[in-house]
Amino acid sequence: MLQSPGVVFYFNQMKNTYHVDVSANNFTWYLKTSQIALRSWVHVLFTWSKTEGIKLYQNGFLVTESNSISYFANYTKDDFTRLMIGRSTSTRMGSIDPNIQMSDLRILYQFLTSSEVTMYAIDEG
């Protein structure tokens, strides 16, 4: 789990679960699911806000959401915001899970409503 600002998205091969962690200030919101299709191309989108938590969509449809929060009293204050895709922050550097392949990546600085998510999924499809 992140203990500095940033976003982590990865697949845990041992548990067959996808994980999304978002950290800001002294808090980390986290979500995990096994409901994303394996071994097929899908449009995956997650969105986050402090009030809404994390929402994870597949092909424009809500798969799961979470407002689970952890508080870190010794939160690492640094200038390095992290974006990690394909590996957990607890795995060693250079270790990448081969189960994630991407064709496109978009980063938006806003929380998306379900209708906006649908528009992105249709645009990609």
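The model is a predicted one, in which local features need pLDDT of at least 70 and side-chain atom pairs count only at pLDDT 80 or more, while totals for chains, interfaces and linings use all residues. Residues are numbered from 1 along each chain as its sequence is written, and side-chain values use heavy atoms, with hydrogens and water left out.

## Overall fold

The protein chain has 8 strands and 1 helix, and from the N terminus on they follow the order β-β-β-β-β-β-β-β-α. Helices here are DSSP runs of H or I with at least four residues, and strands are runs of E with at least two, numbered from the N terminus. Of the 125 residues of the protein chain, 38% count as buried, where buried means under 20% relative accessible area, exposed means over 50%, and partly exposed lies in between (1.4 Å probe, protein chains only). Among the contacts in the protein chain with a separation of 6 or more, 54% are between residues 24 or more positions apart, a contact meaning heavy atoms within 4.5 Å.

## Strand β5 and its neighbours

Strand β5, residues 53–58, is mostly covered, since 6 of its 6 residues are buried. On one side of the sequence, strand β4 (residues 44–49) runs antiparallel to β5 and is joined to it by 6 bridges; two strands pair if DSSP finds at least two bridges between them. β4 and β5 form a hairpin with 3 residues between them, and within this pairing Leu 45 has Tyr 57 of β5 as its bridge partner.

β5 also pairs with strand β6 (residues 61–66), in the antiparallel sense and over 5 bridges, and here Lys 55 stands opposite Glu 65 in β6. The hairpin of β5 and β6 has 2 residues between the strands, and Asn 59 in this hairpin takes a positive phi near 55°.

Most residues other than glycine have a negative phi. Asn 59, which is partly exposed with a relative accessible area of 38%, can be set beside Asn 16, whose phi is also positive and near 55°. Asn 16 is placed in the loop between β1 (6–12) and β2 (17–24), and this residue is partly exposed, with a relative accessible area of 40%.

## Aromatic rings

The structure holds 5 aromatic pairs, which are counted for rings of Phe, Tyr and Trp (its six-membered ring) with centres within 6.5 Å, planes under 30 degrees apart being stacked, over 60 edge-to-face and the rest tilted. The rings of Phe 9 and Tyr 18 have their centres 5.9 Å apart and their planes at 15°, so this pair is stacked. Phe 9 is buried at a relative accessible area of 13%, and Tyr 18 is likewise buried, at 9%. Phe 9 also pairs with Phe 46, with ring centres 5.7 Å apart and planes at 35°, so this second pair is tilted. The pair links distant parts of the chain, as Phe 9 is in strand β1 and Phe 46 is in strand β4, 37 residues apart. Phe 46 is partly exposed, with a relative accessible area of 29%. Through ring pairs, Phe 9, Phe 11, Tyr 18 and Phe 46 are linked into a cluster.

## Salt bridges

Side chains of opposite charge can pair when their charged atoms come close. A search of the whole structure finds 2 salt bridges, each being a side-chain nitrogen of Lys or Arg within 4 Å of a carboxyl oxygen of Asp or Glu.

| Salt bridge | N to O distance |
|---|---|
| Glu 52 and Lys 55 | 3.4 Å |
| Glu 65 and Lys 55 | 3.6 Å |

The pair of Glu 65 and Lys 55 links strand β6 with strand β5, the residues being 10 apart. Lys 55 counts as buried at 15% relative accessibility, whereas Glu 52 is partly exposed at 37% and Glu 65 is partly exposed at 43%. Glu 52, Lys 55 and Glu 65 are linked in a network of salt bridges.

## Surface

The accessible surface of the protein chain comes to about 8100 Å², of which 52% belongs to carbon and sulfur atoms; such areas come from the Shrake-Rupley method with a 1.4 Å probe, and for residues only the protein chains shown count as cover. Leu 105 lies in the loop between β8 (82–85) and α1 (114–124).
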